[in-house]
Amino acid sequence: MLSLVRLDATLLQRIRTHDRLGGIASSAIATILVGAGLYGFAFGFWRGIGAAIFSSVKLPALVLGVAALTTLASGLIAPLLRSALSLRQTGIAILVSFAVTSALLGALAPVSIAWVWMQRPMAAVVGLAATDPRAIPSIDTAQALVLFHTAVIAVAGIAGVVRLLGLLHRLEPRGGVVRRLVVTWIGLQFLVGAELAWITRPFLGRPHLPVAFVSPEALNGSFFEEILLLARSTFGVGAPAMLSLFGIGIAGWLVNVLRASAEPARIEVLPRMLAVLAPIARTVPWSSVLGARAEGHDVRIRLAADATLVEEELVVGCPNGPDARRMAARIERARQLGAVGPFRTVDEPLSG
Amino acid sequence: MHDSPWASEPDSVPIEPAFEPRPFEPPTSAPPKAPPLAGHDEPWTDLRVGALADALLRAPASVLAALRANPMVGARLALIVVLGLGACGLVMATFSGGLQLLFVPVKLILGMLVCALVCLPSLHVFSCLSGAQQTVRETWGAMLMGIALMGMLLVGFAPVLWIFGQATHSIALMGALHLCFFLISAGFGLGLSLRALSRMNDAPVRAGGLWAVMFVCVLLQMSTTLRPLVGPFDGVLFHERLFFVGHWFQTLGS
């Protein structure tokens, strides 16, 4: 379990080489069951043992459900974003990030239980109206606890995303590709996670309502319809316009983040080819170099489409503008000579 | 004055040049168009549906080469389209259930293929405007690659859509979600078709973006004509003709 959290070299090598991935998946699932299960117990603890057990079943189910429902889409999108990750590696990366989140949640469960225990205990208010003065203190405490648990889960979730970033950076050397992968995967997980959490609610529940495994309204509505209702009560008739503006803003941001960008590279100009030393070491024949131009302190080199039918752009940093222009000119010269060759010149007979 | 480079060494044996001497021909124009990197255009040989789908994601250049060499590849791609859209249609139909489980997959497959056939001539002519040399069959192949990719992506998104379909009763919400995922898939799929045509001719398809927008509009109109896809089954006959944007406003209003 801890090797998953540490993300040690052996684990990385196994993921990189597809070596016994089933074992890693089993460990990750076990970590999620234990870690998220423990925190689920802490989540429902304030309402009593029954609610604690219900939550300890639902929280791991929620995490595993999100992983199961998003892995196929994440794995299909990965190669389209120019990643070399396979579907199985994608699934493992998602499970490992959730396992890290769950391990942290499990580790924080004793703190949460102690915190909950120190709060005002729940009074016998089941069956009272929400506006009844006897129920209000318990409802206030429950709301504060939901906020507390949400904050803890958010912190653990951020830790999982950071671990996912670390894992992907070691599996995929191109920073731009990693950024696009993480944004896409997290977007999908948010979409599914919000809906699944809506379906599996309540985790703590309202104190004046009886404890239930799932809400009777679980399959009646959705998270986003609730957002629309809240927006209508807040913004009135302007709610659709506000939500549309918000949606357009999010879509614009996503398009900007997901747009392919040039990768920072280190290169060496050789007589017959261009050697790319980083981010992915390879040699490119001059015939596949489409052009080079200086832009500020950088040289931008455009490479012909590879097997994915997508052209690539490399950015090589230079100390200053004149150096960048000199390097671009040198690459262009080498490209022009290399692209038409090989050829040899013949000595003309020297005659008087 | 000397007659040869070896004139100062009369006793030495003249060295035979290892190549046929020819006069130096300096380059007269810009370097030729970039050929593909070595090995990238080797035709894909494994025609199993799963392997071909994987190649379409990771090495579409080899699928394109296989498509031009082997007509069977086109049939396999069409099978991927049918399987992908069929599965996606089945998930779409679980929202309403009943007879929609039978009709929605069929409508989705036939609607997509009819749209592709309707838009094929324009794609071929647009590519010819850029000096393309490929045949109509090759243009169809490039289009099939894109539609197959769309189908695969829609299958990937199907579990996400399924979970929403189980909870909500809002046709507008489900329609909007399907539309979002369809547009994402279309972006990737049509992009692949245009890039495949570019690779065939070493030149981008002129006004390719415009053609892609037209294809999406035709498909959205087709989804309105074949309605209901998301709502409950209400007969096999076509409904009144309606512009797709008008249909969306009607759905939102109800």
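My entries start with chain A as a whole and then turn to one helix pair.

Ground rules first. I'm reading a predicted model, where local features need pLDDT of at least 70, side-chain atom pairs count only at pLDDT 80 or more, and totals for chains, interfaces and linings use all residues. Residues are numbered from 1 along each chain as its sequence is written, while chains are lettered from A and ligands numbered from 1 in the order in which they are written.

Entry 1, elements. I found 10 helices and seven strands in chain A; helices here are DSSP runs of H or I with at least four residues, strands runs of E with at least two, numbered from the N terminus.

I noted a box of roughly 120 × 50 × 35 Å along the principal axes for the C-alpha atoms of chain A.

I see 38% of the 352 residues in chain A listed as buried (20 or more other C-beta atoms within 10 Å of a residue's own, with C-beta atoms placed from the backbone).

I looked at α4 (residues 49–80) of chain A against α5 (residues 136–167) of chain B: the angle is about 155 degrees and the axes are 8 Å apart. Axes are lines fitted to C-alpha atoms over the stretch in contact, and angles run from 0 to 180 degrees between N-to-C directions. So α4(A) is roughly antiparallel to α5(B), a label for angles over 145 degrees.

Note on methods
Buried ≥ 20, exposed ≤ 12 C-beta atoms within 10 Å, placed from the backbone. Parallel < 35°, antiparallel > 145°, perpendicular 65-115°, else oblique.
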